[in-house]
Number of protein chains: 2
Amino acid sequence: MHTLQVDVGHSRYPIIIGPGLLSNRELLHAHVTAADCLIVTNTTVARLYLAKLRDTLTERRLGECILPDGEQHKTLQSAGWVFDALVSNKLNRDAAVIALGGGVVGDIAGFAAACYQRGIGYVQIPTTLLAQVDSAVGGKTGVNHSAGKNLIGAFHQPLAVITDTDTLATLPDRELRAGLAEVIKYGCVWDPLLFDWLALSMRKLLARDVDALSYAISRSCEIKATVVAQDEREHNIRAILNFGHTFGHAIEAATSYETFLHGEAVGLGMLIAADLSCRLGLTTALVKERVRDILAQAGLPTDAPRIGAARAMELMQMDKKVLGGTVRLVLLEKLGRAIVIGKYSQDALEATLTEYFA
Amino acid sequence: MHTLQVDVGHSRYPIIIGPGLLSNRELLHAHVTAADCLIVTNTTVARLYLAKLRDTLTERRLGECILPDGEQHKTLQSAGWVFDALVSNKLNRDAAVIALGGGVVGDIAGFAAACYQRGIGYVQIPTTLLAQVDSAVGGKTGVNHSAGKNLIGAFHQPLAVITDTDTLATLPDRELRAGLAEVIKYGCVWDPLLFDWLALSMRKLLARDVDALSYAISRSCEIKATVVAQDEREHNIRAILNFGHTFGHAIEAATSYETFLHGEAVGLGMLIAADLSCRLGLTTALVKERVRDILAQAGLPTDAPRIGAARAMELMQMDKKVLGGTVRLVLLEKLGRAIVIGKYSQDALEATLTEYFA
């Protein structure tokens, strides 16, 4: 069991990573201190882990709210269902929300906790690799709007993140790979040694080697905690964690969040961003090739949907990172070093969009 | 023109009170600095002041979102319409929301601004006395849930509050009186001299004497700013501003937000709270009589709806101020001094509820 601390000014909380945590009574009661809780989960995860969590958290009064599974349900309406469940369980300001599931569940549940009675506590229990390495950490919560991802949300840090690595045993291969895309991202923007380690360890990771996965999770959380501690509200450096996301969000929106998992779209977005970095002369073709190779190694898609360059551009414009009309992009200078820029050749951008989307 | 500063730790903003502000180009452009804005208003206020605001703010690109009028529309669905308007106007993180209207418009618009892209700025232009003396100041935003008021919301301070006292000329008498209920509240919980002044000046206020109304607004904002500066998130002293609100919210919920204006319900709630304060021996019968008299002077209702004591109790239980199962109440020790208590005789509470609701 490995514990990291996240420290973001006014709030400080632990990330606990290890096997068997969902059955660890002492640990769960120590971190879920509210007497009354609402477990928010989805139909898939409920079947696998809801009874187990209930059996462990016997000292708490537990309500539940089971959402439909899938990114297309990350809506204001789903948040409304969580509010309904909070109200019908008569939960007060001292209650807590427990998010049991992947990134979608965590984002909706965290957003509902942020807004219910103007803010109650919540605990993240991420059950997908993507949530464990990324979305459960850092306090970004929210839901999608039909026009774009995460357009409605709040910054609201959890009380604790409890990552039971045993939950990865039931994760479909495709979701495991999608989670690895975010780990690859940390390598690209922050840690070249992690990138190299991933390239060497990909087979182990895909075979669900426990030690390899635990290291990938811990290192990812360390990097994210370091970045978020410096810039909770994404005024500057935190933006590098959006590497691949502006293109990725456009891909998800164009395909109604149904064709690609978030991690798959981000993987494609990273490749496209690396391509543009090359075209702009910021980095070398080798970097782009290494990004493509590691995505392929991880079994992630490397072909974007042919939605048209103009449509891709339009969807990028609606992405949250657009500031004052310019699309700010996270690009690579080399593996392990990203920059955020708002001024770049539109010709180069169009060439990249044409190559991948036309 | 009178300017006050609100200082709540991380944010500092002006409240500007005076006549003719909606036509003051220089002032409005100085405080509405975003190039792109969304004006949120309702059908009633739009007819009266939307064109005027547009004519003044000519240097800004202005979208608009016109909501239906009334407390029953202070819902998550209305917030959803504001999100739709923000998106369809392609507004980005540097855009601002302008809330033009009463408390309902300000609360919805402020909440939408708090959540859109995880928080953009907003300016309050309150057009009702209630909003000018209370809801536009202090950063509480939110919408109602069918089970209770303001159950969904955020703390989000405005960039500025611009109070054009000329807007009171078009306010219906009933809403003027409802606004006075909140001014009476500040007298009750904080400032006995304000209470005495109100008793002496009520005729002038109801006749819309400009100087009297301006003083009532300024003094109310001063008191609210002082309290909020000490306790933005209502961990302690800010709770006294909820005097009358726990009972008032129960009355509003029981009557589906249709029978009583918010200020009318709060006025009744203050009388009921004063009655309970008496029964508990915290204050004298004279205080209760003075509260009843001033409500009558202001033409506010002093008879609660006969919803039954049990139903009133049930609705109070769902009020946001319930903490750990006990209803915490704001009660009076004397005029100008309030206390918040969670332990009190249930018999006394039942006697009060029976007297007013049975």
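Two strands are taken as paired if DSSP finds at least two bridges between them. The model examined here is predicted. In chain B, strand β3 spans residues 36-42 and strand β5 spans residues 96-101. Four bridges join β3 to β5 of chain B, and the two strands run parallel. One residue pair can be named: B:V40 has B:A99 of β5(B) as its bridge partner.

These strands belong to an open sheet of chain B. Seven strands form the sheet, in the order β1-β2-β9-β6-β5-β3-β4. Its pairing is mixed. Strands β1 (2-8) and β4 (61-67) of chain B are the edges, each pairing on one side only. From one strand to the next, the twist averages 20°.

Two helices of chain B are placed against this sheet. Helix α2 (residues 43-56) of chain B lies across β3, β4, β5 and β6 (121-126). Its direction runs at about 150° to β3(B). Helix α3 (residues 76-88) of chain B also packs on the sheet, where it touches β3, β4 and β5. The direction of helix α3 makes about 160° with that of β4(B).

The relation between the chains was examined next. Two copies of a chain are related by a rotation about an axis and a shift along it. Here, a rotation of 180° superposes chain A on chain B, with 0.0 Å of shift along the axis and an RMSD of 0.0 Å. The two copies are therefore related as by a two-fold rotation axis. The same surface serves both copies, as 100% of the contact residues of chain A recur in chain B.

Key:
Residues are numbered from 1 along each chain as its sequence is written. Chains are lettered from A and ligands numbered from 1 in the order in which they are written. This is a predicted model: local features need pLDDT of at least 70, side-chain atom pairs count only at pLDDT 80 or more; totals for chains, interfaces and linings use all residues. Side-chain values use heavy atoms; hydrogens and water are left out. Axes are lines fitted to C-alpha atoms, for helices over the stretch in contact, and angles run from 0 to 180 degrees between N-to-C directions. Contact means heavy atoms within 4.5 Å. Copies are superposed by least squares on the C-alpha atoms of residues with pLDDT of at least 70 in both.
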